[in-house]
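Please examine the structure shown here.

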Amino acid sequence: MLESLARCPGLADLEFARFLLVQETHAHGHYWGFCHSIEIAAILVAEHRRVQDVWLLWEAVHRSFDTLGIMPHRIVYAAGVEHTLQYVADSDHPRRDLLLEDLRRMADTTDEQVARLLADRRRHHASGR
């Protein structure tokens, strides 16, 4: 289903995309290996560029050793670099400091790089490769 959604033009329904990402994140915590379905679900959420989704995206990236090594970390900046940094810094989320540390390691990231990443990864998954 996720591959079909990746091939559809336009944005996926945000609530459905969030639901799929939560399911994929949960599933990736129960087995070794990496399936691109979690990246597709993350892209479908990230394309909406909602800053509050930073926690879902970050959790997906950090779900396992495999997702940490394969998922594009810059996806957490989908809502914009400055906006995301400010949102996380102002948050009282229990993992705020861990996420801020990750964001600081990507200090050279630009909004243009994130936009290109999302477009490139969507195009890649839409092509069925």
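**Salt bridges and overall form**

Nine salt bridges are found when the whole structure is searched. The model is a predicted one, and the bridges described below are examples from it.

One of them joins the side chains of D53 and R18, with a distance of 2.7 Å from N to O. This pair links distant parts of the chain, for the two residues are 35 residues apart. D53 lies in the loop between helix 3 (37-46) and helix 4 (54-61), whereas R18 belongs to helix 2 (residues 14-28). D53 has a relative accessibility of 2% and therefore counts as buried, the limit being under 20%. R18 also counts as buried, at 15% relative accessibility.

A second bridge is formed by R121 and E39, whose closest N and O atoms are 2.6 Å apart. R121 lies in helix 8 (residues 111-126) and E39 in helix 3, so this pair ties together parts that are 82 residues apart in sequence. E39 counts as buried, at 2% relative accessibility, while R121 is partly exposed, with a relative accessible area of 23%.

What separates R105 and E101 along helix 7 (residues 96-105)? The two are four residues apart, which means that about one helical turn lies between them. Their side chains meet in a salt bridge of 3.5 Å, N to O. R105 counts as exposed, at 57% relative accessibility, and E101 as partly exposed, at 44%.

The helices named above belong to a protein chain with eight helices and zero strands. Read along the sequence, the pattern is α-α-α-α-α-α-α-α. The radius of gyration of the chain is 14 Å, close to the 14 Å that the globule rule gives for 129 residues, so the chain is as compact as a globular protein of that length. Along the principal axes, its C-alpha atoms fill a box of roughly 35 × 30 × 25 Å.

Contacts and surface complete the description. Among contacts with a separation of 6 or more, 71% are between residues 24 or more positions apart. Buried residues make up 44% of the 129 residues in the chain. The protein chain exposes about 7200 Å², of which carbon and sulfur atoms supply 54%.

Note on methods. Residues numbered from 1 in each chain as written. Predicted model: local features only at pLDDT ≥ 70, side-chain atom pairs only at ≥ 80, totals over all residues. Heavy atoms only, no water. Rg over C-alpha atoms; globule rule 2.2 N^0.38 Å. Buried < 20%, exposed > 50% of the residue type's maximum accessible area, 1.4 Å probe, protein only. Contact = heavy atoms within 4.5 Å. Areas by Shrake-Rupley, 256 points an atom, 1.4 Å probe, with all protein chains shown as cover. Salt bridge = Lys/Arg side-chain N within 4 Å of Asp/Glu carboxyl O.
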